[in-house]
Amino acid sequence: MFFVDTLEIEGLGNRSYLTGGPGGAVAVDPPRDIDQVIAAAARRGVRIAYVAETHVHNDYVTGGLELARITGAHYLVPAGADVSYRRVLVHDGDDFDVDPAEGLSLRAVATPGHTPHHTAYVLSEQGRDVAAFTGGSLLIGTVGRPDLVEPRLTERLARAQHASAHRLADQLADEVPVLPTHGFGSFCSAGQADTDATTVGAERRRNDALVKDVDTFVADLLAGLDDVPAYYAHMGPVNSAGPAPVDLTPASPADPAELARRLAAGEWVVDLRARTAFAAGHLAGSFNFEGDGKLATYLAWLIPWGKPVTLLAESPEQLAAAQRELVRVGIDRPAAAATGDPAGWLRPGEQLRSFRRATFADLAKALTEDEPPLVLDVRRDGERSAARIEGTLHIPLHQLHRRSGELPEGVLWVHCAGGMRAAVAASLLDAAGRQIVAVDDGFDAAAAAGLPITAGAEGTAGA
């Protein structure tokens, strides 16, 4: 009897899988912190016989190489992937015995599109297909992005993605579960899953790649592509070269004097506490990336690559969770860390900084005053094009650190779609000495508050 265990990598919006039977298992697209995969195998009492990569990943550092080394598993990597380490070259149609006693085997299906070498894997039991691990190919209601490899290949890969979706659908029965790696928040996906599970039959009925002709599909796909996180440029090369083993040992503790030295040196000191707590009182010059938010995605996106990071947290547990999250995107070792009450991070004579939080109703009221405030929208271009508050300035969050000098003087009210990114932006601007009000509210409340909403992206910084 086969099993499939799903490992949720929530911060990055991905999933990994452990599948197989009592006589052997396969880990598909494992995260860098492989201890959770090993623990899942231990709970099942199974040996990991294979580690399978669907592609060279652009959005996270893989744990596949290290997992294969530690467990002695065969490391399956698509033959077309340009990597520099020893692996089992996987070609279209290759079949691997996972648990011969149970009749479990894994079949490789070439599915180029997300990358030129992308490969899906189909688990069969006694000759019957029972699960399709589709990586960044056929996702839940969408497909993997075709624009992350090389701009000149984007349209070609989009067309390949359409063909690959049809190839999978043609090979598999309606009831076969589709188990993708991307689509749960990852920017590797062209869209996001609107349900937790799907099958080939369900995707036949609703996935654009399977219901639209190729020209319409490609045009719509390319028109809807979102921004690409800057750190993606570093993930592919790391995964191609072979990631170093993960190190999750605690960072060295920093006292107030060391925190001050690191801030003075221009290093990033990142406060992981909730945005409400940060706004109420924080270390001057520190940045707020909530540990419970999309920490890895946004910190890795914004930080100048390679700059030392010191982490501030409420507890050792919060610190450890953040460290685990960050190694997944190649931010391997915090330079230092401190936990506890923020008052304990101050040198004698220093004071905590704070800024105001508000709602869209508060903003509507402020805009009726004799000197209305400036309003900065830090959502991405696509979000703003769909709906924006008239008269607002616009710099996407991922561009703010290098473009903050474009903003006019005066009090700035900062908003996003839900409050998290506005809090990050507020912390960046607060650290630069600006007077800030962070709008901690859902964007749907803007219209209800009477703010003028329109479509279009007019109104950039300096406009």
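Analyst: In this predicted model, helix H10 (residues 295-302) packs with helix H11 (residues 316-327) at an angle of about 60°, and their axes are 9 Å apart.

User: Why are H10 and H11 called oblique to each other?

Analyst: Roughly parallel requires an angle under 35 degrees, and roughly perpendicular begins at 65. The angle of about 60° falls between these limits, and H10 and H11 are therefore oblique to each other. The crossing of H10 past H11 is right-handed.

User: Which residues make the contact?

Analyst: H10 contributes Leu295, Ala296 and Leu299, while H11 contributes Ala322, Glu325 and Leu326. Of the residues in this contact, five are nonpolar, none is polar and one is charged.

User: What makes Gly103 partly exposed rather than buried or exposed?

Analyst: Gly103 has a relative accessible area of 22%. Buried would require under 20% and exposed over 50%, so Gly103 counts as partly exposed. Gly103 lies in the loop between strand E7 (95-99) and strand E8 (104-110). Beyond residues up to four places away in sequence, Gly103 touches Ser124, Glu125 and Gln126. The C-alpha atoms of Gly103 and Gln126 are separated by 4.7 Å, although these residues are 23 apart along the chain.

User: How do you know on which side of H6 its buried residues lie?

Analyst: In helix H6 (residues 214-223), the residues Phe217, Val218 and Leu221 are buried. They cover an arc of only 95° around the axis, and therefore lie on the same side of H6. An α-helix has 3.6 residues a turn, so residues three or four places apart point the same way. The buried residues of H6 pack against helix H3 (154-171) and helix H5 (208-211).

Note on methods: Residues numbered from 1 in each chain as written. Predicted model: local features only at pLDDT ≥ 70, side-chain atom pairs only at ≥ 80, totals over all residues. Heavy atoms only, no water. Helix = DSSP H or I, 4+ residues; strand = E, 2+ residues; numbered from the N terminus. Buried < 20%, exposed > 50% of the residue type's maximum accessible area, 1.4 Å probe, protein only. Contact = heavy atoms within 4.5 Å. Axes fitted to C-alpha atoms, helices over the stretch in contact; angles between N-to-C directions. Parallel < 35°, antiparallel > 145°, perpendicular 65-115°, else oblique. Left-handed = near helix turned anticlockwise from the far one by under 90°. Nonpolar A, V, L, I, M, F, W, Y, C, P; charged D, E, K, R; others polar. Arc of directions from axis to C-beta.
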